[in-house]
Amino acid sequence: MSSLANLINDEPLSSTLRIGLFSLAACSVVGLAAYVGYKAAGPNNKTYTLQNRHPESNEQIEKVLESLRLDDVKLRQIMQFLEKEMNDGLSPATHKNADVKMFATYVRTIADGSETGKVLALDLGGTNFRVLLVTLLPQSKFELTSKIFVIPQSIMLGEGVNLFRHLADCLLDFMKKENLLSTGTRYPLGFTFSFPCKQEGLASARLSTWTKGFTCSGVVNEDVVKLLQTAIDEKKLNVQCVALVNDTVGTLMACAYKDPNTAIGLILGTGTNACYMESLDKVGTWDGDYNEPKQVIINMEWGAFGNNNRLNDIRTKYDEEVDLSSVNPGKQIFEKMISGMYMGEIVRLIILDLMQQDLLFIGQRDGYGDYSTPLFTRGGFYTKFVSTVETDEGIAFANTRRVLEDMGIRNPTFDDCAIVQHICKNVSKRAARLAGAGLAVIINRINKPNVTVGVDGSLYRYHPRFKRNMEKSMKTLVSKNIKFKITLSDDGSGKGAALIAIVADRYQRSQLRSISSFDENEEEDIRIQFQQQVANQAGPILKSTNTISRTLP
């Protein structure tokens with residue numbers, strides 16, 4: 001005790017102790033004030049804790065995401081709706097007002113691998129545009145050279161004539177690089193034009209409506225092949241467009257080149273669409289001949305399914321917001337629930353909704369006042385982010401953290417990452433199940449023992465779970481007596497268009513040779529005029545005695 005008294009009486013030490021105690025007391029007061037201020041400033045004095053670290057166990061989060069879930073009963077109801085829409089599109093009495101247009105493509109058979117030669121292809125299906133040179137070799141082999149060009153936003157939204165001039169400029173650039181100019185050869189060209197068209201012949205089609213963000217004026221109801229050929233002729237290119245092909249048809253053709261059971265083509269990318277081989281007796285709108293083979297590939301344009309409010313029961317408030325803010329409100333409803341152009345935006349809207357409810361980025365919302373960040377920008381959450389987030393496994397969430405930081409979210413927590421991944425999984429799973437239900441309708445309609453589906457598109461190619469989720473839903477929806485297989489297309493929109501073009505060109509040349517009075521050395525423009533006449537005929541594209549055609553089983 002005396003020792004303690006001596007320490008206190010020690011003037012230097014006593015002074016030090018007093019300073020230390022005063023400092024400790026001051027820190028305590030400041031800390032208490034900061035805590036009281038934080039509690040008072042918090043919204044409604046809420047305590048920011050989740051009910052459970054696992055988002056699927058959080059009732060509030062699950063209530064938000066429940067609207068995205070579709071059981072088999074609901075999917076079967078959607079299938080019935082789609083089949084009725086398909087029949088409406090095929091009937092001459094209801095086709096005009098049908099949403100699912102079911103356009104006949106005039107492609108009635110597939111190549112068999114004997115085709116050879118060089119052919120060009122143009123692939124316009126979204127914001128990117130490709131020019132391809134396909135060299136078909138014996139024994140079903142081929143060589144492919146291609147170049148990707150960007151379609152500027154100004155051209156996507158501007159005058160149609162400028163769009164086709166841009167395509168011709170890109171073609172000229174490519175042909176220069178590949179030494180195809182002034183060769184004395186006029187190359188056949190297949191044009192993959194992935195927008196709804198009313199096809200009037202193999203090389204004639206009128207645009208029904210723009211999709212995928214395009215609104216070019218002066219193109220709707222016009223023949224897009226003529227618009228392209230005019231732009232090509234302005235550049236004096238040695239090219240003749242002999243076939244217009246939807247990307248789904250090209251995908252089917254490319255897969256059927258290797259697998260004769262292929263009867264369906266499917267695109268899952270920026271947009272979505274499907275085509276399939278239909279019996280002519282079911283195509284009431286058919287205006288061609290009924291010679292063998294009595295079948296034709298139908299371009300469904302299934303992205304417009306639901307435009308007549310058929311899908312209102314399954315649409316969420318996020319779907320409605322995506323639709324209202326799009327360039328074509330009320331159109332392409334099915335597509336907006338599935339495709340890559342819209343999936344990321346649905347995820348972004350759900351994230352913002354959960355933030356508003358204090359269920360995500362908890363306690364940090366006030367720190368995200370910069371509304372110029374991608375999170376608060378329409379279209380700022382790219383669909384590729386959905387794929388990236390869903391590749392994360394374990395607890396590190398390295399990919400998800402990187403995506404969120406790119407979105408402007410600083411230091412996301414484990415819970416934040418888990419919730420965002422949970423959102424992405426639910427949005428992409430719904431899309432996959434809807435696509436699977438659509439395929440099940442077509443497979444059941446074809447009703448053959450073995451059916452192969454050729455698929456192409458960035459969403460299907462790069463999303464880690466889309467294929468598995470789609471096939472899982474199909475197993476319960478496809479008739480048990482049918483075996484189906486899904487195959488990734490080998491550049492269907494490019495190679496498929498080239499295959500159709502070279503087959504069409506060969507058929508046209510055979511027709512020329514059948515005219516005894518025709519001189520192969522006559523003026524080139526006479527031969528071109530005849531080619532255009534034949535290209536617009538509605539008969540099968542494979543009737544040449546020089547080409548062995550193979551009918552789909």
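Which residues line the second largest pocket? I found Ala98, Asp99, Lys101, Pro196, Ser208, Thr209, Trp210, Glu301, Ala304, Asn307, Lys331 and Gln332.

**Ground rules**

I am working from a predicted model, where local features need pLDDT of at least 70, side-chain atom pairs count only at pLDDT 80 or more, and totals for chains, interfaces and linings use all residues. Residues are numbered from 1 along each chain as its sequence is written, and side-chain values use heavy atoms, with hydrogens and water left out.

**Entry 1: pockets**

The search runs on a 1 Å grid over the protein atoms alone; a pocket is an open set of points with protein on both sides within 12 Å along at least five of seven lines, while a cavity is a set where a 1.4 Å probe fits but cannot get out. Lining residues have an atom within 4 Å of a point. Grid points are joined across faces, edges and corners, and a volume is the space filled by probe spheres set on the points.

The second largest pocket has a volume of about 260 Å³. I sorted its lining by class: 4 nonpolar, 4 polar and 4 charged residues. Here Ala, Val, Leu, Ile, Met, Phe, Trp, Tyr, Cys and Pro count as nonpolar, Asp, Glu, Lys and Arg as charged, and the others, Gly among them, as polar.

Then I turned to the largest pocket. Its volume is about 1,500 Å³. I counted 48 lining residues, with Gly126, Thr127, Gly269, Thr270 and Ser458 nearest the centre. The lining splits into 15 nonpolar, 23 polar and 10 charged residues.

Which helix gives the largest share of that lining? It is H11, with 5 residues. Elements that each supply at least two residues include strand E3 (128-137), strand E4 (141-150), helix H8 (247-256) and helix H11 (340-356). Helices (H or I, at least four residues) and strands (E, at least two) are DSSP runs, numbered from the N terminus.

**Entry 2: cavities**

I get 4 cavities of 30 Å³ or more. The largest cavity has a volume of about 100 Å³. It has 14 lining residues, and Ser194, Lys212, Thr272, Asn273 and Glu301 lie nearest its centre. By class, I read 3 nonpolar, 7 polar and 4 charged.

The second largest cavity comes to about 50 Å³. Its lining includes Phe103, Phe193, Phe195 and Asn299. Strand E6 (197-201) and strand E8 (239-245) each give at least two residues to it. I find 6 nonpolar, 4 polar and no charged residues there.

**Entry 3: sheets**

I traced an open sheet of 6 strands in the order E1-E11-E10-E9-E12-E13, with mixed pairing. Two strands pair if DSSP finds at least two bridges between them. Strand E1 (103-104) and strand E13 (483-488) are the edges; each has a single partner strand, so one side of each lacks a neighbour in the sheet. Helix H8 packs on this sheet, touching E9, E10, E11, E12 and E13, and its direction makes about 135° with that of E9. Axes are lines fitted to C-alpha atoms, for helices over the stretch in contact, and angles run from 0 to 180 degrees between N-to-C directions. E10 (residues 272-279) and E11 (residues 295-299) run antiparallel, joined by 5 bridges. Met277 stands opposite Ile297 in E11.

A second open sheet has 5 strands in the order E4-E3-E2-E5-E8, again with mixed pairing. E4 and E8 are its edge strands, each pairing on one side only. E2 (residues 117-124) joins E3 through 8 bridges, and the two run antiparallel. Asp123 has Arg130 in E3 as its bridge partner.

**Entry 4: two loop residues**

Where does Thr215 sit? I placed Thr215 in the loop between strand E7 (204-207) and helix H7 (224-234). Thr215 counts as partly exposed because its relative accessibility is 36%. The bands are buried under 20% relative accessible area, exposed over 50%, and partly exposed in between (1.4 Å probe, protein chains only). Leaving out residues up to four places away in sequence, Thr215 touches Met156, Leu157, Gly158, Trp210 and Val327. Contact means heavy atoms within 4.5 Å. The C-alpha atoms of Thr215 and Met156 are 6.3 Å apart, across 59 residues of chain.

Is Arg465 buried or exposed? Arg465 counts as buried, because its relative accessibility is 16%. Arg465 lies in the loop between H15 and helix H16 (466-477). With residues up to four places away in sequence not counted, Arg465 touches Glu390 and Lys425.
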